[in-house]
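Dear colleague,

Please find below the structure that I am handing over to you.

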Amino acid sequence: MSDPWVGIEEDGRSTLQALVHSLAENKKLLGRRYSEWAVGGPTLEAAIALSAMTQDELGHSRVLYGLLEELRGVPATGDADWQVEGWGLSVLTRPFETWAHLIVVTVFLDSALTTLVEAATTSVFLPLQRRTRKMVEEERYHALYGSQWLERLARRPQVRRAMAESALQVFTEAMAWFGPPGDLTPLRAAGILGADADELRDRYFQRVRPALEALDLRPEAVAVPWDRWDPAWRRLRPGD
Amino acid sequence: MPVLDHVEIYEVFARHRREEPLRHVGTVTAPNVEMARLYARVIYDEDMWDAMVVVPRAAMVPVEPRYGGSSRRSGGE
């Protein structure tokens with residue numbers, strides 16, 4: 001088997017490993033959070049669809065952990081082999097209190113993860129490219145589910161205000177997750193990703209703009225607090 | 001419950017192979033056709049379908065039986 005790392009510099013390798021690890025762990029956490037509502041959706045149909053989304057996210061996570069084994073060249077013997085503390089975005093580290101908050105996370109965080117996955121579907125790094133194409137297809141339905149439910153829930157002013165409040169937090173965390181300006185540029189230059197951090201952020205922003213507007217949010221006013229950026233774990237440190 | 005406003009029942013039809021007719025496989029309740037398609041896809045996904053369609057129950061046009069319908073079927077010739 002040919003060496004998948006040929007032509008990829010050391011800093012690109014470590015960045016890709018961190019990125020894949022963050023993606024894998026956050027998809028696992030997202031699946032876990034979805035599962036907690038999979039028996040509590042407002043309709044049976046909504047619950048079944050969420051169960052399918054749970055399976056998708058956990059499946060994606062497992063596939064990505066498999067990729068991480070390849071990246072490191074060391075087979076894992078089980079989940080305990082992976083360092084999982086620290087990668088989780090704060091919004092995913094505790095159960096969602098309401099259905100509306102779950103929908104906010106679907107629209108504003110699941111879509112951020114998908115934005116990165118999409119940028120990997122054209123990767124010259126074939127182990128990454130092969131694993132991401134099916135994910136993008138499945139994530140289309142997550143996006144549809146999220147946008148449809150958000151549109152319905154946001155018709156009610158009280159619910160819309162509550163969703164806007166949590167959406168602002170999730171949106172800020174998602175915008176930061178792609179990394180500071182200039183981040184991922186080596187991966188972009190090597191063709192491993194189809195976009196660097198700024199381009200990913202812009203794509204994500206365009207994707208969620210209609211949802212922000214549906215919640216009466218003015219995203220231009222949102223500044224990412226880079227002073228809280230933790231490069232080791234690719235996330236914002238918890239705020240005050 | 002407020003979020004259940006304006007839902008419709010959709011009939012779900014599917015076939016395994018292209019040469020087969022579409023057969024009724026169930027229903028879903030959804031607020032619009034996009035969600036009906038999504039729900040049908042995840043609920044009736046046990047089989048590898050060649051095709052699946054959803055039809056709003058309200059769009060189905062009943063045809064009156066020519067020979068008396070169920071009473072004739074149960075009574076035979």
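**Chain B**

Among contacts in chain B between residues at least 6 apart in sequence, 48% join residues at least 24 apart; two residues are in contact if their C-beta atoms, placed from the backbone, lie within 7 Å. This is a predicted model, in which local features need pLDDT of at least 70 and side-chain atom pairs count only at pLDDT 80 or more, while totals for chains, interfaces and linings use all residues. Residues are numbered from 1 along each chain as its sequence is written, and chains are lettered from A and ligands numbered from 1 in the order in which they are written.

Chain B contains two helices and three strands, arranged β-β-α-β-α from the N terminus on. Helices (H or I, at least four residues) and strands (E, at least two) are DSSP runs, numbered from the N terminus. Of the 77 residues in this chain, 13% count as buried. A residue is buried if 20 or more other C-beta atoms lie within 10 Å of its own, exposed if 12 or fewer, and partly exposed in between, with C-beta atoms placed from the backbone.

The three strands make an open, antiparallel sheet in the order β2-β1-β3 of chain B, where two strands pair if DSSP finds at least two bridges between them. Because β2 (23-30) and β3 (51-56) of chain B stand at the edges with a single partner strand each, one side of each has no neighbour in the sheet. On average, neighbouring strands are turned by 25° against each other, direction ignored. Axes are lines fitted to C-alpha atoms, for helices over the stretch in contact, and angles run from 0 to 180 degrees between N-to-C directions. Strand β1 (residues 8-15) of chain B is joined to β2(B) by seven bridges; within β2(B), T29(B) is the bridge partner of I9(B). Helix α1 (residues 33-43) of chain B packs on this sheet and touches β1, β2 and β3 of chain B, with its direction at about 125° to that of β2(B).

**Where the chains meet**

The contact takes 13 residues from chain A and 14 residues from chain B. On the side of chain A that touches chain B, α2 (44-72) and α4 (126-153) of chain A each supply at least two residues, and α4(A) gives the largest share, six residues. That side of chain A divides into eight nonpolar, two polar and three charged residues. Here Ala, Val, Leu, Ile, Met, Phe, Trp, Tyr, Cys and Pro count as nonpolar, Asp, Glu, Lys and Arg as charged, and the others, Gly among them, as polar.

**Chain A**

Just after α2(A), G73(A) takes a positive phi of about 75°. Two residues other than glycine also deserve attention. L184(A) has a positive phi near 70° and is found in the loop between α5 (157-177) and α6 (185-189) of chain A. L184(A) counts as buried because it has 24 C-beta neighbours inside 10 Å. D216(A), with a positive phi near 60°, has its place in the loop between α7 and β1 of chain A. With 12 other C-beta atoms within 10 Å, D216(A) is exposed.

R228(A) lies in the loop between α7 (197-214) and β1 (229-230) of chain A. Is R228(A) buried or partly exposed? R228(A) has 15 C-beta neighbours inside 10 Å, so it counts as partly exposed.

Yours sincerely
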